Amino acid sequence: MAVFPDPESAVYVTVSALDAGHITLPDYLFVTGADPTVRTTVPSLSFLIQHPESSSGNATNLVFDLGVKRNLSGYAVAQQPHITQRQPIITSPDCAESLRKGAINGDEGRDLLNTDKDVDFVILSHVHWDHIGTPSDFPGATFVVGSGTLDLLKHGAGPNYPAELFNDDELPASRTVELPPTPNQNGQFEDYYARPIAPVHTPTPPDTQARLPSSADTWSWQPFSGFPRTIDFFGDQSVYVIDSPGHIHGHVNLLVRISEKKYVYLGGDCCHDTRILSGEKEIAEYDDGRGGVRSVHVHTPLAKETLAAINGGVNQLRETADVEVVLAHDKGWREHNRHRFWPDKL
Ligand SMILES: [Zn+2]
């Protein structure tokens, strides 16, 4: 059973959706039973989370995921053929422009948010090209990523993700912090958690310029609601980072509390279609080009276990609160929720 803070002292955040580019995906790569000829242009959503700062009265701005780069030539040379297969790609507005201008047209010139200094934290669900965006747009932010992410950017992870697909200097080393390593709790998925596939954890250097909430001193993976491994980011139960392994190393989700009785679960790429989460469809598998099968996840059985854990946590939380789940590439959610994009909110 979830343990809730006293409603008098409970802290709530706001969540606003952000357009951060669109890419085009062949349906059959993602969901079983799809028409092999159908391709769908989907958003790669980012989110602005505003946490009330009790002392100064200023909000802390946290951005979850940065979407697609505004300038596609910024991706690694070896990544370019893949990007060509994802056309049409829409890069405007990107995440930074959405933060500055918001989704409302006719409001030109009004900077809602100064991306040079107003973004305190960027948390990336993972470092796939359609989520990493343009980190250099946020020179004042501390980047928080899953364990192994910095090594993944330098050395890759397994045959589907060689090092040359990534820019090894994509994240600012002096302002990036990896979350604590996550244990392979049941020992079942050593082919994901162990070398040579798994990237290694990079500790935060002593001279780091990263600025973290004071709660970071005691960050550790703890169960919350039915979720087996969570980190209470601000230490006040308003924002939880949820370990969600399987898609690619370092993949995390966010669970944020927006009112006494409402949470939002930001699912990143835990799956790409809400029908997979509901059990109506399965994760698609296809030829890996090396005589085997693969899916869009590095480790399909672990990705399935993660989906079961998400459903377990969400269902337990729903015994006492409303929980809305939003996936990064959910075209239908975007179309039905335009009124909840920054400067509006969920
Ligand atoms: Zn991904």
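**Figure 1. Tyrosine 192 is buried, with a relative accessible area of 3%.** Buried means under 20% relative accessible area, with a 1.4 Å probe and protein chains only. This is a predicted model in which local features need pLDDT of at least 70 and side-chain atom pairs count only at pLDDT 80 or more, while totals for chains, interfaces and linings use all residues. Residues are numbered from 1 along each chain as its sequence is written, and side-chain values use heavy atoms, without hydrogens and water.

**Figure 2. Aromatic pairs number 11 in the whole structure.** Tyrosine 192 and tyrosine 193 pair edge-to-face, at 5.3 Å centre to centre and 80° between the planes. Tryptophan 219 and phenylalanine 233 form a tilted pair, at 5.0 Å and 35°. Rings of Phe, Tyr and Trp (its six-membered ring) pair if their centres lie within 6.5 Å; planes under 30 degrees apart count as stacked, over 60 as edge-to-face and the rest as tilted. Both tryptophan 219 and phenylalanine 233 are buried. Ring pairs join Phe121, Trp219, Phe233 and Phe234 into a cluster.

**Figure 3. The zinc ion is coordinated by His126 (NE2), His128 (ND1), His247 (NE2) and Asp269 (OD), at 2.2 Å.** Donors are N, O and S atoms within 2.8 Å of the metal (3.2 Å for Na, K and Ca); water is not among the atoms, so sites may look incomplete. The donor residues are spaced H-x1-H-x118-H-x21-D in sequence. Histidine 247 and aspartate 269 are both buried.

**Figure 4. Lysine 69 lies over the face of tyrosine 75, at 5.2 Å from the ring centre.** Arginine 338 lies over the face of phenylalanine 341, at 4.3 Å from the ring centre. A charge sits over a ring if NZ of Lys or CZ of Arg is within 6 Å of the ring centre and within 35 degrees of the ring normal.

Key
Buried means under 20% relative accessible area, exposed over 50%, partly exposed in between (1.4 Å probe, protein chains only).
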